[in-house]
Amino acid sequence: MQGVGFRPTVYQLAQKHALTGWVLNSAHGVEIEVSGSPAACAAFVQDLQRNPPPLAHIDSFEVQPSAPQVYSAFEIRESQDKAGDFLPVSPDLAICPDCRRELFDPGDRRYRYPFINCTNCGPRLTIVQSIPYDRPNTSMAGFALCPDCAAEYHDPANRRFHAQPIACPVCGPQVWFEAGGQKLAEREEALQTARGWLVEGKILAVKGLGGFHLVCDATNAAAVQTLRERKHRTGKPFALMAFDLPTIEKYVILSPAARQLISAPQAPIILAEMTAAGKKLAQIVAPDQTRLGFMLPYTPLHLLLLEPAPGYPEVLVMTSGNLSEEPIAYDNAEARERLASLADGFLMHDRPIYMRIDDSVVTMLREKPYLVRRARGFAPQQLRLPWEAMPLLATGTELKNSFCLTRERYAFVSHYIGDLENQETLSAFEQAIPHYEHVFRIQPKALACDLHPDYLATRYAQARSQAESLPLVAVQHHHAHIASCIAENGWASHEPVIGLAYDGTGYGTDGTIWGGEILIACYKDFTRRFHLAPVPLPGGDLAVRKPARMALSYLLAAGVDIEDQTLAPVTYLTPDEIQAVRHQAHTGFNALLTSSMGRLFDAVAALIGLCEEISYEAQAAMALESASDPQESGFYEMLLKNDIIDPLPMIRAIVAELNDGVSAGCIAARFHNSLVRMSVEACLQIRQETELRTVAISGGVWQNMRLMNLILPALEAEGFTPLIHTQLPPNDGCVSLGQAAVALARLQG
Ligand code: ZN
Ligand code: ZN
Ligand code: FE
């Protein structure tokens, strides 16, 4: 991979062992030839294997003897660029400890310079226009190196050797502050102005690495409230940033692995349990949550913005610079226009962003990262496929879209694009696809998409298939989830696995909405072994926004007499609305059938009075998860009959318990326990029928940590091998890889 400082490391090791020869980047990886005594060569190889550069990820390592060659020295050769070859581009990397030290060193020539970087850190994907990853192909092309920077850039012993975004206050990008169309300050003064405005409770748009953030003092309730109103974002939690780990750990509890990841070059937002101080802060920034999302300053500019000072806020809200649901703003002119009504002032800079990208969001599962949103720091890290792939594009889903390109042994899953429901996100999708194709030099010979005919991503694939006469494979959503999970885990065989695909929405082969699916699936095919009993989705999208409607649909299906009940959803909905739901459920008018697991979570959350109406996706499921009493081990019966999972006895049991005054925390916990029990039961039954022992777990429902922490040991105790996502999120962000895997299996055999 380019931009991770591999060649300088090799250079230094060759010097150490007094070897001559060369190193270069090629499409096949790093190629090195060393000349010297066999003992010195062997020591060099051993050293390199033991101490590779910290950011490098070595897929394979091959050593071959060659005919003796005489070299006068060891040299770093230019990247070899053969037409059609690809050189993987590195994700963007958070500022490294060396650059951070220089940033705050008054004696350094880059003291307080907001764009300090080196071969180990700085922008990568966001500034690349083309490959090879050399300065003229980046958004740094317009900044000519000053003599000092040029000397560092060309010196193989310097830690900025061939650091493409190298810059300094003399020759590099600069910041300025503007408000109301007026430039108010430049450079250090601009930073101080921005900090002053934040202290006053103002909301700023700050241009960062992959786009603009909206920023305000997280401890200032009025400022946060204003931001919510302007952004049309009522309840959804905001991401936070603090200067250093000790500050963050005042508010959240970090495990050793979480501490390591948040400080790593990926520097994601980490969702973590709160301390007492965190709970206080959450009342302002993340109401009704049990976890807060924190990140560290990952660029020098962010460090300068967060630098502690008396009276200065120690936590800032850092949320994507957009109106709710739109893509993040990344261009100066675009930001001035789109964010004018949201921000009081702008902290700008003149380094263009070629690829907009959001912050990644991660939680920890068994001390390993488990992704919620895969974006900055992770994309476009390629995934190694278990087989050779033809060049193919899979366009992904409607919500939480990512797309996936394949070539040779690799899959390039794009960063999180967003929900393709508005024109802005659709154009971000349509711009990102050719950009990835260009950067990775992939000319798709086939396409894959979702089975849903109306998804914009499906339409894009159809249009391209027609225009370019390419084969198009439509893949069922939950099949794609499971295929994605096994592909990511290196599953190389055509053997099927058991797939627990639980999510909110996916178009089924029968035209209904699926989502509580237990499949027997290989790459090519799947059978739907068990699924939740379908119930009406009364009012379509309205039932998604109002879990109370979903609860009513379940109550009606369960034959509960709602007239003489004081259940939360019944008292919440108006008599007219109840009548409408009855009518829709009865006639099927505007009420598709669904086997969605997400909707079952919604229904139960509403039934026990936790959430009757949502303002953001998965809100009800999160409320149910956080309400659960961790000590409770009871459960309800979820019966498996033929291929149906019947939740109705459970609904009736919950109603009875509510009438008996059983607490919401107890019922919520029992609901989670029941799902886990039923899932294991289903797996055992499938094992009896098929002898399958591998269980792939995918779908947005599995973002529920309580569920994950219960299902994994439960499956393992029964002798199953669970496969979970580790590089992609379990939500729809993983689906494009699964579509690609299924399409490749069908097209390539
Ligand atoms: Zn650095
Ligand atoms: Zn310079
Ligand atoms: Fe899904």
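What we have here is a predicted model, in which local features need pLDDT of at least 70 and side-chain atom pairs count only at pLDDT 80 or more, while totals for chains, interfaces and linings use all residues. Residues are numbered from 1 along each chain as its sequence is written, chains are lettered from A and ligands numbered from 1 in the order in which they are written, and side-chain values use heavy atoms, with hydrogens and water left out.

Let me begin with the whole protein. It contains 24 helices and 27 strands, where helices (H or I, at least four residues) and strands (E, at least two) are DSSP runs, numbered from the N terminus. Its C-alpha atoms fill a box of roughly 90 × 65 × 50 Å, taken along the principal axes. The radius of gyration, which is taken over C-alpha atoms, can be set against a globule rule of 2.2 Å times the number of residues to the power 0.38. For 749 residues a compact globule would have a value near 27 Å, and the protein has 27 Å, so the two agree.

How much of the protein is buried? Of the 749 residues, 61% count as buried, and here buried means under 20% relative accessible area, exposed means over 50%, and partly exposed is in between, with a 1.4 Å probe and protein chains only. The protein exposes about 28300 Å², of which carbon and sulfur atoms supply 51%; these accessible areas come from the Shrake-Rupley method with a 1.4 Å probe, and for residues only the protein chains shown count as cover.

Contact means heavy atoms within 4.5 Å, and among contacts between residues at least 6 apart in sequence, 71% join residues at least 24 apart.

Now back to the salt bridges, starting with Arg112, which takes part in two that I want to show. The side chains of Arg112 and Glu188 meet in a salt bridge, at 3.1 Å from N to O. Arg112 lies in the loop between α3 (97–103) and α4 (147–154), whereas Glu188 is in helix α5 (residues 187–199), so the pair ties together parts that are 76 residues apart in sequence. Arg112 is buried, with a relative accessible area of 16%, while Glu188, at 31%, counts as partly exposed.

Arg112 also forms a salt bridge with Glu307, with the closest N and O atoms 3.1 Å apart. Because Glu307 sits in the loop between α10 (300–306) and β11 (315–320), and Arg112 in the loop between α3 and α4, this pair ties together parts that are 195 residues apart in sequence. Both Arg112 and Glu307 are buried.

A further pair is Arg366 and Glu716, whose side chains meet in a salt bridge at 2.9 Å, N to O. Arg366 lies in the loop between β13 (361–365) and β14 (368–373) and Glu716 in helix α23 (residues 705–717), so parts that are 350 residues apart in sequence are tied together. Arg366 counts as partly exposed at 45% relative accessibility, and Glu716 is partly exposed too, at 36%.

Leaving aside neighbours within four places in sequence, the contacts of Glu102 include Asp108, Arg110, Tyr111 and Ile116.

Finally, a word on the backbone. Most residues other than glycine have a negative phi, and most peptide bonds are trans. Against that background, please look at the cis peptide bond that joins Ala379 and Pro380, with omega of about 5°; Pro380 is placed in the loop between β14 and β15 (383–394).

Lys400 has a positive phi of about 50° although it is not a glycine, and it lies in the loop between β15 and β16 (404–413), where it counts as buried at 16% relative accessibility. Ser469 likewise has a positive phi of about 50° without being a glycine. Its place is in the loop between α13 (456–468) and β18 (472–475), and at 63% relative accessibility Ser469 counts as exposed.

Terms used. Salt bridge = Lys/Arg side-chain N within 4 Å of Asp/Glu carboxyl O.
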